[in-house]
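Hi everyone, thanks for making time. I'd like to walk you through one structure today, so let me put it up on the screen.

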Amino acid sequence: MVADARIDAEREQMTVMPLGEDFPDIRQGVRKICAEYPGEYWREKDEKSAYPAEFVRALTQAGYLGALIPESYGGAGLPVRAGTVILEEIHAAGCNAGACHAQMYIMGTLLRHGSEAQKRKYLPGIASGELTLQAFGVSEPTTGTDTTQLKTRAVRQGEHYVVNGQKIWTSRALYSDLMLLLARTTPAEQVKKRTDGISVFLVDLKKSRGQGVEIRPIKTMVNHNTTQVFFDDLKVPAENLIGEEGKGFRYILDGMNAERILVASEGIGDARWFIEKAVKYAGERVVFGHPIGKNQGIQFPIAKAYASLQAADLMVRKAAALFDDGKDCGAEANMGKMLAAEASWEAAEACMNTYGGFAFAREYDIERKWRETRLLRTAPISTNLILAYVGQHVLGMPRSY
Ligand SMILES: Cc1cc2nc3c(=O)[nH]c(=O)nc-3n(C[C@H](O)[C@H](O)[C@H](O)COP(=O)(O)OP(=O)(O)OC[C@H]3O[C@@H](n4cnc5c(N)ncnc54)[C@H](O)[C@@H]3O)c2cc1C
């Protein structure tokens with residue numbers, strides 16, 4: 001059976017695979033920065049749907065957003081495990097990395113598939129923060145999760161590609177110099193495999209606004225600075241194509257594992273934040289003459305969320321260890337992302353329940369974090385699609401799409 005073979009392979013792997021370093025110095029450094037950005041800061045940004053520019057600047061200046069870029073291109077050359085530690089600590093401190101986490105990983109496509117000239121041109125600027133590459137144009141309104149059906153077209157005309165179409169949910173597009181864009185270069189009817197004929201481009205958003213690019217913010221339940229992006233005869237220089245024309249879908253998939261592992265670590269951090277808050281309040285709040293934490297109806301959901309957090313953390317560490325060792329980690333990255341999103345949601349619900357009515361008062365930050373962590377079950381990939389991946393690719397069951 002496929003599953004048996006996989007379980008045997010996993011057991012073998014576990015006997016030799018260390019779960020990665022914990023980077024205590026990085027944890028300490030990130031905590032120090034986060035302490036400067038308490039709940040009031042995030043509440044104000046949330047109320048105004050404003051970009052946390054000061055927080056992003058502080059992380060950039062400390063070098064955390066360039067952590068995964070090799071030293072030869074000006075970054076810190078750290079493994080993805082270090083990235084997970086950074087994002088986990090940000091979220092465990094009650095902050096939110098959603099405004100900038102993509103600066104850490106979108107560059108992966110450029111790093112793995114870009115030409116040496118492209119890497120030299122862009123990576124040092126991305127590492128220093130002088131250039132922001134944190135807009136990722138994949139999702140489209142009419143195709144949703146079925147990415148290979150995307151409609152945005154890029155047609156080669158001499159030394160340019162001319163792009164027409166629309167993206168949706170392109171987060172941070174208003175705060176990014178560059179965008180990694182996925183567009184179809186060969187019509188779907190003319191390719192053998194639906195994953196063929198899609199290409200990846202680097203688009204200079206700053207230069208292109210008003211010149212073929214229009215960006216419109218979307219109001220959402222979380223402050224994620226997300227937008228719709230419209231392309232109307234946008235001219236993209238042919239030199240901005242990454243890798244080979246038509247192979248872009250594969251390049252993007254390559255980067256998904258890192259994205260999943262990193263985003264999962266935000267869920268781990270959120271779960272830690274909720275559990276810490278809930279435990280403290282459960283011990284302090286006295287109703288019916290005793291702390292509410294004495295009631296199993298309050299205590300057990302928190303304890304269960306803690307167990308889920310620990311289990312998710314192990315899976316995310318395993319995924320990161322495999323990734324950093326250059327091994328296949330598709331199943332672990334997906335499962336880690338799903339388990340972390342579930343654990344953070346369980347912890348969020350337990351915390352809401354523990355705080356009773358006070359959970360709804362904005363000043364406690366619980367309702368804000370509760371809204372924010374809910375996103376992890378939907379984006380960047382939904383729990384359903386992860387289950388479909390595990391069902392089909394790990395367990396060998398039939399495809400639903
Ligand atoms: C705040 C926010 C920020 C985002 N940022 C970005 C970004 O920066 N860049 C970007 O490209 N995208 C971004 N996204 C998009 C996000 O990745 C998608 O919303 C997500 O992948 C789901 O796509 P959809 O919303 O079109 O849902 P649909 O594809 O319409 O799916 C709707 C529901 O049906 C389920 N479903 C669909 N097919 C199946 C199936 N075969 N089996 C079981 N269930 C199925 C899905 O799981 C989902 O629950 C963002 C989304 C949000 C909300």
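Before I start, one term: when I say two residues are in contact, I mean that their C-beta atoms, placed from the backbone, lie within 7 Å. And please keep in mind that this is a predicted model.

Which residues does A319 touch, once we leave aside its neighbours within four places in sequence? The list is I261, C329, E332, A333 and G336.

A319 also turns up when we look at the largest nonpolar core, which has 114 residues. A319 is among those with the most contacts inside that core, along with I86, F201, I261, F274, V316 and A347. The helix that gives the most to this core is α10, residues 248-284, with 16 residues. As background, nonpolar side chains in soluble globular proteins tend to be buried together.

Staying in that area, let's look at L322. You'll find L322 in helix α11, which runs over residues 296-324. Is L322 buried or exposed? L322 has 22 C-beta neighbours inside 10 Å, so it counts as buried. Again skipping neighbours within four places in sequence, L322 is in contact with K327, C329 and E332. C329 and E332 are on the contact list of A319 too. For a sense of distance, L322 and Y251 are 71 residues apart along the chain, and their C-alpha atoms are separated by 19 Å.

Next, helix α12, residues 330-355. This helix has 26 residues and reaches 38 Å from its first C-alpha to its last, close to the 38 Å expected at 1.5 Å a residue. How many residues of α12 are buried? It's 22 of the 26, so α12 is largely enclosed by the rest of the structure. After α12 comes G356, with a positive phi near 55°.

Let's zoom out to the domains. The chain is divided into domain 1 (2-132), domain 2 (134-247) and domain 3 (250-394). Taken over C-alpha atoms, the centres of domain 1 and domain 3 are separated by 18 Å. Where those two meet, 31 residues of domain 1 are in contact with 28 residues of domain 3. On the domain 1 side, the elements giving two or more residues are α1 (2-16), α3 (39-48), α5 (80-92), α6 (101-105) and α7 (107-113). The largest share of that side comes from α5, with 10 residues. By class, the domain 1 side has 13 nonpolar, 11 polar and 7 charged residues.

Now, the ligand. Where does the ligand's shell lie, in terms of domains? Domain 2 and domain 3 both give residues to the shell, so it lies between them. In total, 23 residues surround the ligand, and the closest are V138, G144, T145, W169 and N384. Elements that each supply at least two residues of the shell are β1 (133-137), β3 (160-171) and α14 (383-394). As for its make-up, the shell has 10 nonpolar, 13 polar and no charged residues.

Since α14 came up, let's check its length. At 1.5 Å a residue, the 12 residues of α14 should span 16 Å, and the end C-alpha atoms are 15 Å apart, which agrees. α14 is followed by G396, which has a positive phi, near 70°.

Last, a few spots in the loops. In the loop between α13 (366-374) and α14 sits P380. A cis peptide bond joins A379 and P380, with omega about 0°.

Then there are two residues other than glycine with a positive phi. For F23, phi is near 50°, and this residue sits in the loop between α1 and α2 (24-34). F23 counts as buried, because it has 20 C-beta neighbours inside 10 Å. For D365, phi is near 70°, and its place is the loop between α12 and α13. D365 counts as buried because it, too, has 20 C-beta neighbours inside 10 Å.

For contrast, take S72, in the loop between α4 (53-61) and α5. S72 is exposed, with 11 other C-beta atoms within 10 Å. S72 and S176 are 104 residues apart along the chain, and 23 Å separate their C-alpha atoms.

That's my tour, and I'm happy to go back to any part of it.

Definitions and conventions:
Residues are numbered from 1 along each chain as its sequence is written. This is a predicted model: local features need pLDDT of at least 70, side-chain atom pairs count only at pLDDT 80 or more; totals for chains, interfaces and linings use all residues. A nonpolar core is a set of buried Ala, Val, Leu, Ile, Met, Phe, Trp, Tyr and Cys residues joined through C-beta atoms within 7 Å. A residue is buried if 20 or more other C-beta atoms lie within 10 Å of its own, exposed if 12 or fewer, and partly exposed in between; C-beta atoms are placed from the backbone. Helices (H or I, at least four residues) and strands (E, at least two) are DSSP runs, numbered from the N terminus. A residue is near a molecule or strand if its C-beta atom, placed from the backbone, lies within 6 Å of it. Ala, Val, Leu, Ile, Met, Phe, Trp, Tyr, Cys and Pro count as nonpolar, Asp, Glu, Lys and Arg as charged, and the others, Gly among them, as polar. Domain bounds come from an automatic or database domain assignment. The expected span of a helix is 1.5 Å times one less than its number of residues.
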